[in-house]
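Okay, thanks for coming, everyone.

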Amino acid sequence: MIDLRFSDAELEARREHMVQFVRDQVEAAGVDGVVLGLSGGIDSTTVAYLAVEALGAERVHGLVLPARVSSEDNMSDAERVARDLEMSYDVIEVEPVVEALLAAYPEAEGDHVAVGNARARVRAVFNYLVANHDGQLVLGTGNRSEAAVGYFTKYGDGAVDCHPIGNLYKQQVRQLARVLDVPEDLVTKTPTAELWADQTDEDELGIDYDTLDAILVSHVDGPLSVAATARRLEVDPETVEMVRGLYEVSAHKRQVPPAPEPLE
């Protein structure tokens, strides 16, 4: 695969840029601080570390939002991150809200995708409930790799005010996390959105992150054809086409909802 890691100087420049980005977003909005959801995974943990570096722990508030399908280990890791950074946090159960939704629309019971996305959207509602109440922005935890293939829930984890690591491929998030002194067990743990039981990101995507990053850099964001990318990376052309397809069908997630053009 392709080594996308930055040099030490490049990484430091990007770290400073992201830290200043958080400060600028808070200042421009005229708010007191930020709220973010903590999942115990590398993305939310890295954003938490950046936010505390940018604003100080007293201006960063975490939300740990477990559901029925959440593992105790991940929720414990999320709380550990907040304690290690000495930032305030709340634990709010999302399942009672999800159950109320299903009680109102029982036809969706058993549809793990629809219900999983509902969990993500309930989490977004709690993020904004707390942020609005406390006069804060909601920080997103999405990265460039997942955004490119639409691997996020529209109006769920995609419903945020800004994405501090949104220009980093997953491989680069890992590199940044290590420089920020994120615990190694969080850097290397298996990524999962925990939208349903036993879900993992790479299983759902059908591809590992290093291969995904390499295809994005070479073909989707880069100039190489499907065939040239497949040869360069020694993968099947069908894998490259799959990633291209995910990019194309998820375009609506990366855009403001469209409206008809005005009539002349």
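**Starting from the sheet**

Let's begin with strands E2 and E3: they run parallel and are joined by 4 bridges. Before I go on, a word on where this comes from: it's a predicted model, where local features need pLDDT of at least 70, side-chain atom pairs count only at pLDDT 80 or more, and totals for chains, interfaces and linings use all residues. Residues are numbered from 1 along each chain as its sequence is written, and side-chain values use heavy atoms, with hydrogens and water left out.

A few words on the names. Helices (H or I, at least four residues) and strands (E, at least two) are DSSP runs, numbered from the N terminus. Two strands pair if DSSP finds at least two bridges between them.

So, what is the order of the strands in the open sheet? It goes E3-E2-E1-E4, 4 strands with parallel pairing. E3 (88–91) and E4 sit at the edges with a single partner strand each, so one side of each has no neighbour in the sheet. On average, and ignoring direction, neighbouring strands are turned by 25° against each other. For angles like that, axes are lines fitted to C-alpha atoms, for helices over the stretch in contact, and angles run from 0 to 180 degrees between N-to-C directions.

Now the individual pairs. Gly-62 has Tyr-89 as its bridge partner in E3. On the E1 side, E1 and E2 (residues 60–64) run parallel too, joined by 4 bridges. Val-34 stands opposite Val-60 in E2, and Gly-37 has Leu-63 as its bridge partner there. E1 also pairs with E4 (residues 136–138), in the parallel sense over 3 bridges, and in E4 the partner of Val-34 is Leu-137. To get from E1 to E2, the chain passes through helix H2 (residues 42–55), and this β-α-β crossover is right-handed. That term means that, with the strands pointing away from the viewer, the path from the first strand over the helix to the second runs clockwise. E2, H3 and E3 make a right-handed β-α-β unit as well.

**What covers the strands**

Is E2 buried or exposed? Buried means under 20% relative accessible area, exposed over 50%, and partly exposed in between (1.4 Å probe, protein chains only). In E2, 5 of the 5 residues are buried, so the strand is largely enclosed by the rest of the structure. Both of its faces are covered: Val-60, Gly-62 and Val-64 are buried on one side, His-61 and Leu-63 on the other. E1 (residues 33–37) has 4 of its 5 residues buried, so that strand is largely enclosed too.

Helix H5 (residues 112–134) lies across E1, E2 and E4, running at about 160° to E4. Contact, by the way, means heavy atoms within 4.5 Å.

**Over to the helices**

Next up is helix H10 (residues 209–220), which comes within 10 Å of helix H12 (residues 237–249), axis to axis, crossing at roughly 75°. H10 and H12 are therefore roughly perpendicular, a label used for 65 to 115 degrees, with under 35 roughly parallel, over 145 roughly antiparallel and the rest oblique. On the H10 side, Leu-212, Ile-215, Leu-216, His-219 and Val-220 make the contact, and they meet Thr-239, Val-240, Val-243, Arg-244 and Tyr-247 in H12. Those contact residues split into 7 nonpolar, 2 polar and 1 charged.

**Two loop residues**

Last stop. Most residues other than glycine have a negative phi. Tyr-155, though, has a positive phi near 60°. Tyr-155 is in the loop between H6 and H7 and is exposed, at 51% relative accessible area. Asp-181 also has a positive phi, near 70°. Asp-181 lies in the loop between H7 and H8 (184–188) and counts as exposed at 60% relative accessibility.

Terms used. Ala, Val, Leu, Ile, Met, Phe, Trp, Tyr, Cys and Pro count as nonpolar, Asp, Glu, Lys and Arg as charged, and the others, Gly among them, as polar.
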